[in-house]
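Student: I would like a close look at a single part of this protein, with its surroundings described in order. Please keep to what can be read from the structure.

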Amino acid sequence: MSSVEGTSGLNGHTTYSPENQYKLPSFCIDEDRPMKVVIIGAGYSGIVAGIRFLQRVKNLELTIYEANAGIGGTWFVNRYPGLACDIPSHCYQLTFAENLDWSSFYAPGPEIKGYLESVVEKFHLGPYIKLQHRLTRAQYDEKTGKWHLTIKRATASTDNSNPQIRQGTAQDEHEDIEVTADVLFTGIGSLSRWHWPEIEGLETFRGKVIHSAQWETGEGDSGVKTKWEDTVKSWGDKKIGVIGVGSSAIQIVPALQPRVKTISNFVRGKTWVSASFVREHLVTLANGDESVDNYTFTDKDKKKFRDKEYYREFRRGLESDLNGAHLATLRGNPLQQGAREIFEKIMRQKLSKKPWIAEHLIPDFSVACRRLTPGPGYLEALCEENVEFVPENIKRITPTGIETVDDKHRDLDVIVCATGFDTSYKLPFTFIGRDGIDLSKQFEPHPRTYLGIAVDGFPNWFSALGPNTGVGAGSLLIIIERQVDYAVAATLKLQRERLKSIEVKTKAVDDFDAYLESVFGEKCRSWYKVGKEEGRVVSLWPGSCLHCIKALEHPRWEDYDYEYLDPDNNRFFWLGNGNTLADKIPGSDRSWYLSPEEVDIPGLY
């Protein structure tokens with residue numbers, strides 16, 4: 001057997017001479033390696049990530065960078081009239097942070113923002129959040145295994161009352177700082193980058209042009225706590241045009257209807273304005289009132305919620321039925337046909353005063369090809385005398401209004417563009433991975449990921465609400481929580497095993513991409529397909545909500561490649577010096593494995 005390093009010894013194994021013996025590191029096996037984690041975004045995803053990283057990762061330096069002047073993500077930025085959650089409020093909360101005081105079945109936007117602020121306060125997350133800090137560039141350094149981030153932050157002189165400053169869009173009074181991270185977690189979401197519609201003449205309109213995602217009327221909207229009602233006080237004699245029939249438009253129209261002279265709703269496509277999949281619960285709360293669209297919780301209701309067992313069953317019942325609606329989104333499933341019949345019946349009933357609208361609004365495509373929304377009050381608002389439903393396509397926008405393809409012109413004072421977001425998943429900043437690869441190019445012609453949370457060529461980066469992680473029915477928040485759990489588990493692996501990098505294999509990305517065949521692929525214009533009628537579905541998980549959280553439950557570490565921190569590239573570097581901290585520190589518990597929380601007592605069979 002040879003004793004020279006690099007030669008073949010017994011059974012082909014390399015042997016080492018005493019002079020070249022591996023030098024043990026100085027740390028103990030359970031001595032936590034310092035970890036620096038940066039989170040981008042302080043909406044639901046970033047808040048959950050901050051809480052879980054702090055809870056589970058020891059010896060941690062954590063920073064959350066938020067571009068806006070407040071936390072809440074989309075619930076901070078969006079303030080349009082009628083903004084509300086389109087799933088039950090008791091399903092739009094975290095598993096570990098219950099709110100027993102939701103005001104209504106579908107909570108208004110400001111209340112959801114307030115809930116998130118209360119979670120930040122409860123879990124003492126505030127000191128870790130840096131507001132008005134916008135990520136403008138991220139680049140992975142292969143030599144160090146760290147992300148190098150450029151952050152544009154507001155200077156001390158910045159005026160928070162400026163709407164552009166509040167939303168991080170102002171270009172002056174900022175400075176750049178450079179930071180690094182061992183792990184980068186992005187919680188940006190898919191509905192955070194809005195765009196103007198491509199309509200001829202939009203820039204020529206002499207009245208107000210407002211986008212639903214940046215609600216600024218120039219009236220009463222200077223403060224971060226402004227109510228939308230204060231921004232439209234002078235609109236009583238104004239003629240309003242609302243472009244769109246997505247979730248935002250469906251909420252804006254009924255909110256503005258009683259406050260303005262007229263509304264013309266320009267609708268290009270069709271959509272299901274759905275009776276909620278949990279409607280049975282809503283009707284029960286309203287004492288059997290079948291006409292109910294929303295329900296305000298009474299003091300009596302809230303008192304019942306104080307009974308932990310009652311509330312547990314109430315919440316689980318809602319979540320169970322919400323998740324159970326998945327089968328109704330599957331093309332050809334009997335439940336889908338049943339849902340279609342119910343939705344169509346209710347829509348026609350609510351449009352009975354103007355029945356012709358139903359022919360232009362009720363879709364030919366199946367339920368959930370587009371995002372579903374309960375739309376409380378929308379159909380009823382379309383039937384009001386001061387609301388006009390316009391199914392003809394827009395030809396152009398003139399200085400005084402909107403002209404449709406039938407050459408009819410409608411004079412308007414305000415145009416509201418409720419025309420959606422950029423759902424291409426191309427990040428609004430430069431994002432460079434290994435070998436200088438740009439993520440925007442990697443995501444052509446469509447995003448390719450591993451389970452929606454990791455991308456090959458971009459080590460030590462995990463995300464929430466990435467491509468193909470949304471669901472047509474079910475709880476989105478539990479998916480966020482499980483995505484965070486996954487990222488934390490990966491970070492603990494990096495820390496525990498003293499790894500420089502963890503990077504998903506290209507073959508694993510290829511295999512997941514091959515698996516992605518969605519039942520939502522029929523012809524209908526949807527943000528699921530980047531606003532196109534046909535094409536690749538880039539937003540939805542290829543299964544149910546429950547399927548997604550099961551898939552994330554046990555990470556397949558074999559789908560990743562690793563680099564070691566050890567200069568000798570020894571995979572057992574993490575074993576350390578042969579000791580635990582208990583071996584070295586006097587007075588330590590050296591029989592911790594006998595603690596009640598450690599002993600796993602089997603049941604009797």
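Predicted model: local features only at pLDDT ≥ 70, side-chain atom pairs only at ≥ 80, totals over all residues.

Tutor: The strands follow the order 3-2-1-7-17, and their pairing is parallel. At the edges stand strand 3 (129-130) and strand 17 (461-463); each has a single partner strand, so one side of each is left without a neighbour in the sheet. For strand 3, the link to strand 2 (residues 60-65) consists of two bridges, and these two strands run parallel. Within that pairing, Y65 has K130 of strand 3 as its bridge partner.

Helix 1 lies across strand 1 (35-40), strand 2 and strand 7 (183-186), and its direction is at about 170° to strand 2.

Helix 1 (residues 44-56) also packs with helix 3 (residues 109-122), at an angle of about 15° and with the axes 11 Å apart. Because angles under 35 degrees count as roughly parallel, helix 1 is roughly parallel to helix 3. The crossing of helix 1 past helix 3 is left-handed. On the side of helix 1 the contact is made by Y44, I47 and I51, while helix 3 contributes I112, Y115, L116, V119 and V120. By class, the residues of this contact are eight nonpolar, no polar and no charged. The spacing along each helix can be read with one general point in mind. An α-helix has 3.6 residues a turn, so residues three or four places apart point the same way.

Two other places in the chain are worth a look for comparison of surroundings. One is helix 5 (residues 247-256), which is mostly covered, with ten of its ten residues buried. The buried residues run from S247, S248, A249, I250 and Q251 to I252, V253, P254, A255 and L256. Their packing partners are strand 9 (239-243), strand 10 (262-266), helix 11 (378-382), strand 11 (387-390) and strand 15 (414-417).

The other is E553, in the loop between helix 15 (545-551) and strand 19 (560-564). The relative accessibility of E553 is 40%, so this residue counts as partly exposed. E553 and Y486 are 67 residues apart along the chain, and their C-alpha atoms are separated by 7.5 Å.

To return to the sheet: helix 1 lies across strands 1, 2 and 7, and helix 1 meets helix 3 through a contact of eight nonpolar residues.

Notes. Residues numbered from 1 in each chain as written. Heavy atoms only, no water. Axes fitted to C-alpha atoms, helices over the stretch in contact; angles between N-to-C directions. Helix = DSSP H or I, 4+ residues; strand = E, 2+ residues; numbered from the N terminus. Parallel < 35°, antiparallel > 145°, perpendicular 65-115°, else oblique. Left-handed = near helix turned anticlockwise from the far one by under 90°. Contact = heavy atoms within 4.5 Å. Nonpolar A, V, L, I, M, F, W, Y, C, P; charged D, E, K, R; others polar. Pairing = 2+ DSSP bridges. Buried < 20%, exposed > 50% of the residue type's maximum accessible area, 1.4 Å probe, protein only.
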